[in-house]
Amino acid sequence: MKTVYVDNNATTKVAPEVLEAMLPYFTELYGNPSSMHFFGGQVQKKVNEAREQVADFLGADPSEIVFTSCGTESDNAAIFGTLDSYPEKRHFVTSRVEHPAVLNVCPYLERKGYRVTQVSVDREGHLDLDELKESLTEETGLVSIMYANNETGVIFPIEEIGQIVKSKGIPFHVDAVQAAGKIPLNMKKSTIDMLSISGHKLHAPKGIGVLYIRKGTKFSPFIIGGHQERGRRGGTENVPYIIGLGKACELAKKNLEEENTRVRALRDYLEAKILEKIPNTLINGDRNHRLPNTLSVSFEYVEGESILLLLSDLGICASSGSACTSGSLEPSHVLRAMGVPFTAAHGSIRFSLSIYNTKEEMDYIIEHLPPIIQKLRDISPFWKDYLKSREKG
Amino acid sequence: MWDYSEKVKDHFLNPRNVGEVEDPDGIGEVGSLACGDALRLTFKLDENKRIKEVKFKTFGCASAIASSSALTEMIKGKTLEEAEKITNQDIANYLGGLPEEKMHCSVMGREALEAAIAHYRGQKPIKEEFEIVCKCFGVTDREIIKAIRENDLKTVEQVTYYTKAGGGCAQCHPKIEAILEKIRKEMGQEGLPPKPEKKRLTNIQKIKLIEETLGREIIPALKADGGDLELIDVEGDKVYVALRGKCSFCPSSEVTLKQYVESKLREFVSEELVVEEVRS
């Protein structure tokens, strides 16, 4: 069966160049970078090179790069590492639409006696900057806001937010897991103090992430151990994956333009055709402030898991914000925070593209999606009701 | 990805009896758009009062559609008295099982059938007479009780899997807990399986549980009398402990151990445990 993979916000294919760069570090060059002998030393040199590649991609200094195990660890480390450094500050500010790596830390912090503010978004997915501004107090220990939303692709005005946060002298963390590789990042000209990225969202393997920590930022290590990562993250370096991520960042820098031109054009083509061919379809999130690869679309009166499984039966891999796919019973917290009506939230599908997608693949989706939606609408009791109510006017 | 059986996949990809029976004898509607799944079941009887024609329309996930399709196949040709004996478990079994988190789909099928039969008999919709426990999904105490009894449910989580109750804001969890306790007790008195059997523990789980039990049930009482107790080792079902403080030279320690510590550990950890004292 043909596979059309359009779920790149979930994970991406490891680029062949990345895999190739990694392989020697499993077999021949397996030394520990901390060792005193030449065998470890040559590996340390390559780890340093990878650190430079990542730093170059982020517009940072290599000393500001901390390798972690994943995006979630980076987010957790930023939050706990900062709050631990300011024990007297008992207030944490974030948004209602964060990834679970930040969102689910909130109830934990509340149990520990912190006050948490989760700033709202509007129907288009935009953050309420006034609410954010008003929430900041002397007590606020950290503001953590995602750069772009993983479900809708909506981009937040991070530098504008950073201005507000930094004017109060509060540390500012940004989860850029979805933004990296799609939005140009330059920490030298940024208000961001800490930034999380994840390898497997940009064609490196799963199991590697980065936390950028601006020089001079107070930070207590989240994983305590050896002196690795300048004492900011214990544990022997995951050498092959670090090498892989370095290569992936080098490629991502090169591919940034293609993501914003060719991939964007493919996404726009898919979106236009879906809207043209399928009635009662809504786009979730502001179309003008969106990642170039992401399309969140809702089909009224049908349920997302059913759509996904029928797509999957044809080899098309997408994802959904519907309740049934997550095992929870409510639709995605992002769509609910945006106030997407239930008629549409349950039937939301996310297509997320990468540079490996082609126009033929978009045409394949466009060919097969309309009959799938029609089939499910024919089964749905609400579709006929809707058609009847429309006839009556 | 959910691990659906081949039969679930088949009924989802090729649903049987989709549509609405014209001029039906009974109509049952359950669920809503807001809840994420809904089912409209319509049937017509023949001259012998058997279900001649039955159709469904479902908004929901794959297992909701498959459960609806299965239900229609199961009740075709049956009398209403026969049909109403079908439980949600029967629907799940017909489909070769459903993931536990999706059992509410089979419950929705059974409820739609019940509603359609009630409609045919001119009975009022049942829902109004009962208290709504879960406001997020509009689930009544009656539905929860029925699911507990028919499926031998033991935890709030299971109640959520089977009825969706408690799957939203979670505010009704204490209420569900209270219903569970009451119904489990009633079921116990009726001779139904009363208590969950203790799960087989791994060695690490066992040691952890022993430590917890000692710390919670036993050591505080000993300490109150100026004594103490230390866990030395666990070997299979033998638990080695040493008495400290006043207890260590207490002549009745042998009795203390055998009766008190052992009975507590057997109650909370495993029936098989034997306590041995280590003299140091």
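# Reading sheets, cores and domain contacts

Author: Let's start with one pair of residues: A:M194 has A:I213 as its bridge partner in β8(A). Please keep in mind that the model is a predicted one.

Reader: Happy to. How should I read a bridge like that, and in which sense do β7(A) and strand β8 of chain A pair?

Author: The general idea is that strands of a sheet pair through backbone hydrogen bonds, in a parallel or an antiparallel way. Here, β7(A) and strand β8 (residues 209-213) of chain A are antiparallel, with five bridges between them.

Reader: And towards β6(A), how many bridges join it to β7(A)?

Author: Three bridges join these two strands, and they run parallel. For A:H173, the partner in β7(A) is A:M194.

Reader: Which strand does strand β5 of chain A join through four bridges?

Author: Strand β5 (residues 140-146) of chain A is joined to strand β6 (residues 172-175) of chain A, and the two run parallel. One residue pair to look for is A:I145 with A:V174, its bridge partner in β6(A).

Reader: Now the whole sheet, please. What is the order of the strands in chain A?

Author: Read across the open sheet of seven strands and you get β2-β8-β7-β6-β5-β3-β4 (chain A), with mixed pairing. At the edges are β2 (65-68) and β4 (115-119) of chain A, each of which pairs on one side only.

Reader: Which residues touch the most other members of the largest nonpolar core?

Author: That core has 80 residues, and the ones touching the most other members are A:I307, B:A62, B:A112, B:L113, B:I144, B:V159 and B:A165. The element giving the most to this core is α5(B), with nine residues. Take B:A165 as a case: beyond its neighbours within four places in sequence, its contacts include B:F137, B:I144, B:V159 and B:I176. A second, separate core has 79 residues, among them A:I145, A:Y147, A:I208 and A:I213.

Reader: How do the two chains meet, and how many residues of chain B are in contact with chain A?

Author: In general, an interface is often sized by the accessible area lost when the parts come together. For these chains we have residue counts: 22 residues of chain B contact 22 residues of chain A. On the chain B side, α1 (6-13), β2 (37-45), β3 (51-59) and α2 (62-75) are the elements giving two or more residues. That side has twelve nonpolar, five polar and five charged residues.

Reader: What domains does the assignment give for chain B?

Author: Chain B is assigned domain 1 (1-121), domain 2 (130-196) and domain 3 (203-277). Between domain 1 and domain 2 of chain B, the C-alpha centres are 22 Å apart. Ten residues of domain 1 of chain B and nine of domain 2 of chain B take part in their contact. On the domain 1 side, α4 (88-94) and α5 (103-120) of chain B each supply at least two residues, and α5(B) has the largest share, four residues. This side of domain 1 of chain B divides into three nonpolar, four polar and three charged residues.

Reader: And where are the domains of chain A?

Author: The assignment gives domain 1 (4-10 + 256-369) and domain 2 (16-252) of chain A. Their C-alpha centres lie 27 Å apart. Across the boundary, 21 residues of domain 1 of chain A are in contact with 22 residues of domain 2 of chain A. On the domain 1 side, α9 (239-277), β10 (294-299) and α12 (333-338) of chain A each supply at least two residues, with α12(A) giving the most, four residues. By class, this side of domain 1 of chain A has six nonpolar, eleven polar and four charged residues.

Definitions and conventions:
Residues are numbered from 1 along each chain as its sequence is written. Chains are lettered from A and ligands numbered from 1 in the order in which they are written. This is a predicted model: local features need pLDDT of at least 70, side-chain atom pairs count only at pLDDT 80 or more; totals for chains, interfaces and linings use all residues. Two residues are in contact if their C-beta atoms, placed from the backbone, lie within 7 Å. Ala, Val, Leu, Ile, Met, Phe, Trp, Tyr, Cys and Pro count as nonpolar, Asp, Glu, Lys and Arg as charged, and the others, Gly among them, as polar. Domain bounds come from an automatic or database domain assignment. Two strands pair if DSSP finds at least two bridges between them. A nonpolar core is a set of buried Ala, Val, Leu, Ile, Met, Phe, Trp, Tyr and Cys residues joined through C-beta atoms within 7 Å. A residue is buried if 20 or more other C-beta atoms lie within 10 Å of its own, exposed if 12 or fewer, and partly exposed in between; C-beta atoms are placed from the backbone.
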